[in-house]
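Here is a short briefing on one protein chain. Please look over the sequence and the model before reading the points below.

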Amino acid sequence: MESFADRLRQEIDYLGLTRKELASKANIKQRALDMYLGTQASMPPADVAVRLARALNVTVEYLVTGEIKDQQTQIRPFRKLEEDFAALPDDIAKSVEAMVHTIASHK
């Protein structure tokens, strides 16, 4: 089961941010962010969770519970597919992309 820290790490990685960048965007100290990401994985106060969520463009509910309810974060489940696609060799990726476009055009 994923924790707040796991989801926080995933979002940082997904956006390609450093911990320092996220701390700055969320207006928190990097040491505090490290506490939320560390082995103890402490839960931040509500105001900090809100700032982190805003900086990551997700909901607080998603960070805390993993539940996705708004349209904006519904794209998140496709992250693994995006990562897998990026790992494909170029020739195969182009074939898969063409296939997806063909399927999508036959709505």
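The model is predicted.

**Overall layout**

- Along the sequence, the pattern reads α-α-α-α-α-α-α.
- The chain has 107 residues, and 26% of them count as buried.
- Among contacts with a separation of 6 or more, 47% join residues 24 or more positions apart.

**The nonpolar core**

- The largest nonpolar core holds 19 residues.
- Leu-8, Leu-22, Ile-28, Leu-33, Leu-52, Leu-56 and Leu-63 have the most contacts inside this core.
- Two or more core residues come from each of α1 (4-15), α2, α3 (30-37), α4 and α5 (60-65).
- The most are given by α4, with 5 residues.

**Helix α2 against helix α4**

- Helix α2 covers residues 19-26, and helix α4 covers residues 46-56.
- Their axes come within 8 Å and cross at roughly 115 degrees.
- Angles of 65 to 115 degrees count as roughly perpendicular, so α2 is roughly perpendicular to α4.
- The crossing of α2 with α4 is right-handed.
- On the α2 side, the contact is made by Leu-22, Lys-25 and Ala-26.
- On the α4 side, Arg-51, Leu-52, Ala-55 and Leu-56 take part.
- By class, the residues of this α2 and α4 contact are 5 nonpolar, no polar and 2 charged.

**Helix α1 against helix α4**

- The axes of α1 and α4 are 10 Å apart, and the packing angle is about 30 degrees.
- Angles under 35 degrees count as roughly parallel, so α1 is roughly parallel to α4.
- The crossing of α1 and α4 is left-handed.
- From α1, the residues that meet α4 are Phe-4, Leu-8, Glu-11, Ile-12 and Leu-15.
- Their partners in α4 are Leu-52, Ala-55 and Leu-56.
- The contact of α1 with α4 has 7 nonpolar residues, no polar ones and 1 charged.

**Helix α1 against helix α3**

- The axes of α1 and α3 come within 8 Å and cross at roughly 120 degrees.
- The two helices, α1 and α3, are therefore oblique to each other.
- Phe-4, Ala-5, Leu-8, Arg-9 and Ile-12 are the α1 residues that meet α3.
- In α3, Leu-33, Tyr-36 and Leu-37 meet α1.
- The contact of α1 with α3 divides into 7 nonpolar, no polar and 1 charged residues.

- Ile-12 sits in helix α1.
- Its relative accessible area is 5%. Buried means under 20%, so Ile-12 is buried.
- Setting aside residues up to four places away in sequence, Ile-12 touches Leu-17, Leu-22, Leu-37 and Leu-56.
- Ile-12 and Leu-22 are 10 residues apart in sequence, and their C-alpha atoms are 7.5 Å apart in space.
- Leaving aside neighbours within four places in sequence, Leu-22 is in contact with Leu-8, Ile-12, Leu-17, Leu-33, Leu-52, Ala-55 and Leu-56.

**Positive phi in two loops**

- Asn-27 lies in the loop between α2 and α3.
- Phi of Asn-27 is near 60 degrees, a positive value in a residue other than glycine.
- Asn-27 has a relative accessible area of 62%. Exposed means over 50%, so Asn-27 counts as exposed.
- Asn-57 is placed in the loop between α4 and α5.
- Its phi is near 60 degrees, again a positive value in a residue other than glycine.
- Asn-57 is partly exposed, at 42% relative accessibility.

**Helix α7: Val-96**

- Helix α7 spans residues 90-104 and contains Val-96.
- Val-96 has a relative accessible area of 25% and is partly exposed.
- Val-96 and Phe-85 are 11 residues apart along the chain, with their C-alpha atoms separated by 8.6 Å.

Note on methods: Residues are numbered from 1 along each chain as its sequence is written. This is a predicted model: local features need pLDDT of at least 70, side-chain atom pairs count only at pLDDT 80 or more; totals for chains, interfaces and linings use all residues. Side-chain values use heavy atoms; hydrogens and water are left out. Axes are lines fitted to C-alpha atoms, for helices over the stretch in contact, and angles run from 0 to 180 degrees between N-to-C directions. Helices (H or I, at least four residues) and strands (E, at least two) are DSSP runs, numbered from the N terminus. Angles under 35 degrees count as roughly parallel, over 145 as roughly antiparallel, 65 to 115 as roughly perpendicular and the rest as oblique. A crossing is left-handed if the near helix is turned anticlockwise from the far one by less than a right angle, and right-handed if clockwise. Contact means heavy atoms within 4.5 Å. Ala, Val, Leu, Ile, Met, Phe, Trp, Tyr, Cys and Pro count as nonpolar, Asp, Glu, Lys and Arg as charged, and the others, Gly among them, as polar. A nonpolar core is a set of buried Ala, Val, Leu, Ile, Met, Phe, Trp, Tyr and Cys residues joined through side-chain atoms within 4.5 Å. Buried means under 20% relative accessible area, exposed over 50%, partly exposed in between (1.4 Å probe, protein chains only).
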